[in-house]
Structure formats: C-alpha cells, structure tokens
Amino acid sequence: MRTTVGADMRVTEERLARAYLLRVAEPPAPALAAFAATHGPVEAAERVRRRDVPSTVARETEARAHLTVSSADIERAAAEQGARLITPEDDEWPEWPLLSLTVAGSRGVRGMSAPIALWARGRGSLDQAVGRAVTMVGSRASSGYGEHIASEWAYELVGEGVAVFSGAAYGIDAAAHRGALAGGGTTVAVLGCALDVGYPAGQVRLLEKIAERGLVLSEYPPGTPPARHRFLVRNRLLAALSAATVVVEAGLRSGARNTANTARLLGRPVMAVPGPLTSATSAGCHDLIRHEHATLVTSSAEVLEVVGMLGADLADQAEPPGRATDQLSGDTLRVHEALSRTPKSVEQVAVDAGVAERTVRAVLPELEIDGFCERTESGWRLATARGDPKDQPVRRESTSGPSAGTRVHSWC
C-alpha cells in the first residue's frame with residue numbers, strides 16, 4: 001500500500017522531533033522518554049542535539065545524537081512504504097493502554113517506558129484496535145495442534161469484535177494473524193525491526209495482508225535490522241496494547257513466556273492453553289498454569305469472557321470524569337500542585353514545586369488567566385471553586401507557553 005503525506009501525516013515540529021528521538025536512542029530509552037514528556041519533544045530534541053541533557057539521557061543518546069532526520073525522510077517513508085509516524089499528539093495514540101508502561105517504569109520495573117512514537121503501516125486506526133483486543137503468542141516451532149488452536153480462536157475472536165495482536169513470527173503468531181484475516185477482522189503485528197526490513201522474509205506477504213485489514217507497528221526507525229534484544233523490547237508493547245495475553249504454545253524459555261511475564265508485570269491477565277503432557281512446546285504453558293501465573297483456557301469463549309469484561313473495564317477507565325487540571329503537564333502541573341489555599345510567595349512555590357523561579361514567574365500568570373490560581377496581597381494561592389459544572393470553561397490549546405515543548409492549555 002502506498003500513501004502520501006496528508007491530513008493524518010502532517011510533518012509538524014513535534015512529529016519531526018519525535019522521529020529524531022526515535023532515531024537517536026535504542027528503545028525503550030526510559031530516561032529519554034521521561035525527558036521528552038517533561039520538556040516536550042521539540043525542546044527535548046534540540047537539547048539532545050546540543051548534548052545539553054542529564055547524564056541518564058546522554059547515555060541513551062550519545063552514540064547517535066549526531067544523526068539527522070528531515071521532513072523529506074518522513075515523506076519518503078510515507079510514499080515508498082505507506083508508513084506514518086503515530087505520536088502522542090495524534091488522536092489515534094493509545095494513551096491509556098500505554099500508561100501501564102510508564103507506571104511500571106516509575107515503580108522501578110526495568111525496561112518499562114511508553115514508546116516515544118510508533119511507526120505504522122496499514123489502514124487501521126490504532127486507538128480503535130486497542131479498544132477491545134487480545135494478544136496471542138506462542139512458539140515458532142509450533143505443532144499442528146497449536147497452529148489449529150491459534151487460527152481457530154483468532155477467527156472466532158474477531159467474529160466477536162476482538163482485535164488480535166501478535167508478533168508476525170513463524171508458527172503460532174502467523175497462525176493467529178491468518179485466522180484473524182480469514183475471519184475478516186482486525187489484526188495488528190508488532191515488529192522487532194523496522195517496517196521496511198522485510199523480516200521475517202517468509203512473512204512479507206502476510207504483513208501486506210495485515211496492513212490491508214489492520215496495522216503493522218514498530219518503534220524502530222526505517223532501516224533498523226532485527227536483533228534478539230529488539231524482539232524482547234517489542235514484547236512489552238504486545239503486552240501493553242491489549243486487554244490480555246493468551247499463550248498458545250511455549251517452551252520453558254521463550255519469547256512467548258517473556259511476553260506473558262511482562263503482561264503480568266503490567267497487571268494484564270494471562271491465559272495459557274494446555275497441551276499434550278509429552279509436548280515440549282506446551283511445557284511453558286503448563287508451567288505458567290502450575291504456578292498460577294496464567295489462567296487455563298480451553299476455548300475462545302473462555303478468552304472472550306476475560307477480554308469482554310476487561311474491555312468494558314478499560315473503556316470505563318479510558319473516559320474518567322474530566323477535571324480541568326487533567327490537561328496540565330510538565331512544569332505547569334508541578335507549579336499548580338505546589339499551590340494551596342494559603343498564599344505563597346514565588347520563591348516558596350519554586351522550592352515546593354522544584355521548578356526554577358524564572359519558570360514559576362512565567363507559569364503563574366498563565367495559570368491565573370486560565371482560572372487555576374489567583375494573586376493576593378500575600379502571594380499566590382489556588383483559585384476559589386468554579387461553581388456549577390455547566391459554567392466550566394471550554395478547553396482550547398495554546399501554541400505558546402512558559403515551558404518550551406510543553407502542551408499548555410487555556411480555558412475560556
């Protein structure tokens with residue numbers, strides 16, 4: 001499929017900056033991801049180029065900071081590969097599912113951070129695909145039994161409106177994708193290499209079919225070859241982007257087990273399919289069940305029971321009651337949270353927020369204009385209650401603000 005850059009693929013400053021950040025750091029790059037979230041992608045990219053970054057970010061970027069990415073590179077990817085870069089600024093960005101990675105990272109789980117952006121090829125919309133989805137993984141050296149289960153269950157699941165995610169590998173992954181395609185549903189392949197590499201070589205045609213119905217995703221920039229560690233890093237996305245993971249067949253040590261373990265760390269349910277006791281390809285599934293790390297499932301209906309309940313739960317959580325402060329971020333949010341009903345001086349707010357005084361002086365008037373705080377003779381304090389919900393201001397986005405690269409919102 002070939003596309004051109006259009007309304008859904010505008011090469012904005014943010015998109016170009018995120019393409020550069022993906023190029024200069026090997027995922028998952030948690031320090032760089034946090035740095036970009038704090039300062040915004042544009043400022044983060046500029047500071048990486050200047051080598052004006054904390055030591056943790058420097059370690060992740062120093063080997064590639066000299067590389068460049070231009071608008072022409074993004075346009076070429078669209079024209080030649082049908083690829084687009086999905087970013088957190090886009091409507092289809094799956095913010096809620098990926099939040100689990102950020103939370104896990106903040107709790108000290110190594111290698112857990114949300115991707116800075118995702119390269120995608122296909123006609124599907126990522127936010128719609130993750131709305132009700134299951135990840136199905138298993139052994140490359142699969143048995144006929146395992147491939148039959150993966151294909152049949154995927155076929156039945158998409159018939160119930162569930163998207164099937166997998167890794168496009170030989171064996172169980174391929175069977176799951178093919179079953180979903182046969183059922184006329186949505187399937188998403190998440191790769192451990194760039195979209196343009198053509199790997200696995202024997203799956204190129206399958207990947208083309210997946211792109212016609214769903215999506216092929218990667219956080220690796222064009223030209224990045226496959227590597228063992230990249231598939232392990234990729235597995236965190238397979239675990240995070242769906243409501244649950246089903247292990248159809250797996251050895252005691254396998255990538256499928258790695259995906260299942262990651263799903264458990266993220267708080268996602270894991271299910272495993274039992275197999276013959278003599279089958280090495282089912283040993284991993286039996287071990288997961290034996291140690292109560294996975295729920296035994298024997299039909300797609302049992303998978304659907306879990307995914308259906310979780311899909312409803314996630315849908316409820318994805319649209320929580322809105323608060324005016326939900327759209328504040330970075331330094332702006334930290335300054336707001338440092339305020340109280342008791343007036344404080346600028347100097348005290350700076351200390352409490354851990355934000356430079358000059359930034360606090362710039363942020364406070366913005367917050368006052370937006371109705372979040374007020375200036376008194378004794379200093380700055382939180383604004384009084386806003387009254388009836390119907391009188392709440394309507395959000396509009398501002399293209400400028402006190403913290404470069406931070407999305408600052410006004411309320412009018």
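Two strands are said to pair if DSSP finds at least two bridges between them. Helices (H or I, at least four residues) and strands (E, at least two) are themselves DSSP runs, numbered from the N terminus. With these terms in hand, strand β1 (residues 83-86) and β2 are found to pair in the antiparallel sense over four bridges. The structure described here is a predicted model, in which local features need pLDDT of at least 70 and side-chain atom pairs count only at pLDDT 80 or more, while totals for chains, interfaces and linings use all residues. Residues are numbered from 1 along each chain as its sequence is written, and side-chain values use heavy atoms, with hydrogens and water left out.

The overall picture comes first. The protein has 17 helices and 13 strands. Of its 412 residues, 50% count as buried, where buried means under 20% relative accessible area, exposed means over 50%, and partly exposed lies in between (1.4 Å probe, protein chains only). The accessible surface of the protein is about 18900 Å², and carbon and sulfur atoms hold 50% of that area; these areas come from the Shrake-Rupley method with a 1.4 Å probe, and for residues only the protein chains shown count as cover. Among contacts (heavy atoms within 4.5 Å) with a separation of 6 or more, 73% are between residues 24 or more positions apart.

Confidence in the model is given by pLDDT, the predictor's confidence in each residue, from 0 to 100. The average for the protein is 86, and 87% of the residues score at least 70. Two stretches call for care. Over residues 311-321, pLDDT stays under 50, and the model has six contacts there beyond four places in sequence. Residues 386-412 also stay under 50, with 56 contacts beyond four places in sequence.

L118 is the bridge partner of I86, within the antiparallel pairing of β1 and β2. β2 is also joined to strand β6 (residues 215-218) by three bridges, and these two strands run antiparallel. In β6, V216 stands opposite R121.

Aromatic rings come next. Rings of Phe, Tyr and Trp (its six-membered ring) pair if their centres lie within 6.5 Å; planes under 30 degrees apart count as stacked, over 60 as edge-to-face and the rest as tilted. A search of the whole structure finds one aromatic pair. Its members are Y199 and F231, in a tilted arrangement with 5.9 Å centre to centre and 50 degrees between the planes. Y199 lies in the loop between β5 (187-190) and α10 (204-213), and F231 in helix α11 (residues 228-240), so the pair ties together parts that are 32 residues apart in sequence. Y199 is partly exposed, at 35% relative accessible area, whereas F231 is buried, at 14%.

F231 also has a charged neighbour. A charge sits over a ring if NZ of Lys or CZ of Arg is within 6 Å of the ring centre and within 35 degrees of the ring normal. The charged end of R140 sits over the ring of F231, 5.9 Å from its centre. Elsewhere, the ring of Y20 has the charged end of R49 over it, 4.2 Å from the ring centre.

Most residues other than glycine have a negative phi, and most peptide bonds are trans. The bond joining Y199 and P200, however, is cis, with omega about -5 degrees, and P200 lies in the loop between β5 and α10. Another cis peptide bond runs from P27 to P28, with omega near 10 degrees. P28 is in the loop between α1 (13-24) and α2 (30-39), and A29 is found in the loop between α1 and α2 as well. A29 has a positive phi, near 45 degrees, and is buried at 4% relative accessible area. A positive phi of about 65 degrees is also found at A168, in the loop between β4 (163-166) and α9 (172-182). A168 counts as buried, with 0% relative accessibility.

Finally, S300 is found in helix α14 (residues 300-318). At 11% relative accessibility, S300 counts as buried. Leaving aside residues up to four places away in sequence, S300 touches W153, E156 and L157.
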